[in-house]
Amino acid sequence: DNNRFQAIISHCKEYGFIFPSSEIYDGLGAVYDYGQWGSELKKNIKDHWWKSMVQMHENIVGIDAAIFMHPTTWKASGHVDNFSDPMIDNKDSNKRYRVDHLIEAKADELEKEGQQEQSEILLKEMDTLLAANDFDGLKTLIENNKINCSVSNTCNWTDVRQFNLMFSTEFGAVSSEEEENKIYLRPETAQGIFVNFLNVQKTGRMKIPFGIAQIGKAFRNEIVARQFIFRMREFEQMEMQFFIRPGTQKQWYEHWKAERMKWHLGLGIPAEKYRFHDHVKLAHYADAACDIEYDFPIGFKEVEGIHSRTDFDLKNHQEYSKKKLQYFDNDIDPATGKPFGNYIPYVVETSIGVDRTVMMILSEAYEEQDLSTDEKKDSRVVLKFPARFAPIKLAILPLVKKDGLPEIARTIMEDCMGHFRCFYEEKDTIGKRYRRMDAIGTPFCVTVDHQSKEDNTVTIRYRDTMLQERIPIDKIREIVLKAI
Ligand code: ATP
């Protein structure tokens, strides 16, 4: 629900996870900065993905390609011609909309009013018109359904037109008039992998099937971008392109669909929070595609896409660059008894947004708890992150600022800070310090008190249960390491 969503956004800002970009200048639309704890959370998520996709697969390697690429890349990939969304402007309100978002919102509204059937008809009509690129038809559909009309029921729309989502800039110190100096900020990381396909295959001596993975920034000039870090103009992707023998794409597509769902369930998120959504209208490069959707507080929405991209990208790069992008497969084809030989590999891609994963982990972790007893009212906000994603793993808290307790706490800090992120704090009451750690999702707090001086023990307090127990100081590191 929307209240929960708004509460999470406020919490992220108040506790140093995510700030609007350039906030002192009133922000920049759909651009966000990760603060001290958000950046740790995001890094932990990226590390986890890298570990499970690269480190745990002998046949997958990583790269880190540049954001700027030769402009012909985007001609070959189809992005110059096809990477656009139909949009429409309302002349009365001066607001711009993505046509599909506008119609989907109306369909949602109809469904909420109990008009299930009308809602479905509307969506079907939209799909047909979109697939046929029938812009006049889309405009008529919007008008006939009185979408976003004023009280007098009149609408004043512009024509529907295509809007390319790529950002461009000029390269080098040359006049901006010339089209050929135009360069794009990459709208996806995948192309950096395709253009390096042979470099990696040859130098890494990779044998098909194999994958190339990458984590990096991507940029899209999204038309409607009002959903926090769900739809940003600058965001990060974690992508893996898996190169395969032509004809095996169906099998690998199913394989990666299953693998990626397993990864999601491995985050500790229950299965009913996920669903697959198969694409009916396929992107210009795909022969099969689906999304993994997560049940965000704003409803089921895409976090990851799995696409069978055929040889579309490599074939086009070969054509535009005039460089052979082929692979020699010396495995024996059982049908002919001869090697499979030269071919342009097919590709199955898994592409997940870092920021949408952050939003998913945050939505899953955020909990407002009423802890009131008969004596007093009490509550807390706790982020129940899996320990491996928590920005801080261990808070070390001397009960008082004297009697040698800070010194003991400092030795614990020194023992642990080389192994995982720790946080030392001596201000405020212990209760307040615990609540602050709950609010940023720290799974363990240890409190050093006077007894610690006598018997080398501390109190460890667990975030989720709030239970406390006495443990020896020299066991702290081991307990935390085991949990993460
Ligand atoms: P959508 O339909 O939501 O615009 P998409 O289908 O265009 O997304 P892909 O091109 O498949 O997205 O990109 C792969 C992943 O990159 C998405 O699943 C999503 O997690 C992430 N992503 C795409 N666009 C954005 C964005 N504007 N902001 C944040 N993440 C994004």
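This report describes the overall architecture, the domains and the ligand surroundings of a predicted model.

## Basis of the model

Local features require pLDDT of at least 70 and side-chain atom pairs pLDDT 80 or more, whereas totals for chains, interfaces and linings use all residues. Residues are numbered from 1 along each chain as its sequence is written.

## Overall architecture

The chain contains 16 helices and 23 strands, which are DSSP runs numbered from the N terminus (helices H or I, at least four residues; strands E, at least two). Its C-alpha atoms fill a box of roughly 75 × 70 × 50 Å along the principal axes.

Of the 484 residues, 31% are buried (20 or more other C-beta atoms within 10 Å of the residue's own, with C-beta atoms placed from the backbone). Among contacts (C-beta atoms, placed from the backbone, within 7 Å) between residues at least 6 apart in sequence, 62% join residues at least 24 apart.

## Domains

An automatic or database assignment divides the chain into domain 1 (2-80 + 167-363), domain 2 (84-163) and domain 3 (392-483). The centres of domain 1 and domain 2, taken over C-alpha atoms, are separated by 29 Å.

Where these two domains meet, four residues of domain 1 are in contact with 10 residues of domain 2.

## Ligand surroundings

The ligand is surrounded by 16 residues, the closest being Phe235, Gly305, Ser351, Gly353 and Arg356; a residue counts as near if its C-beta atom, placed from the backbone, lies within 6 Å. Two or more residues each come from strands S10 (234-244), S13 (299-310) and S16 (346-353) and from helix H12 (354-365). S13 contributes the most, with four residues.

How values were computed:
A residue is buried if 20 or more other C-beta atoms lie within 10 Å of its own, exposed if 12 or fewer, and partly exposed in between; C-beta atoms are placed from the backbone.
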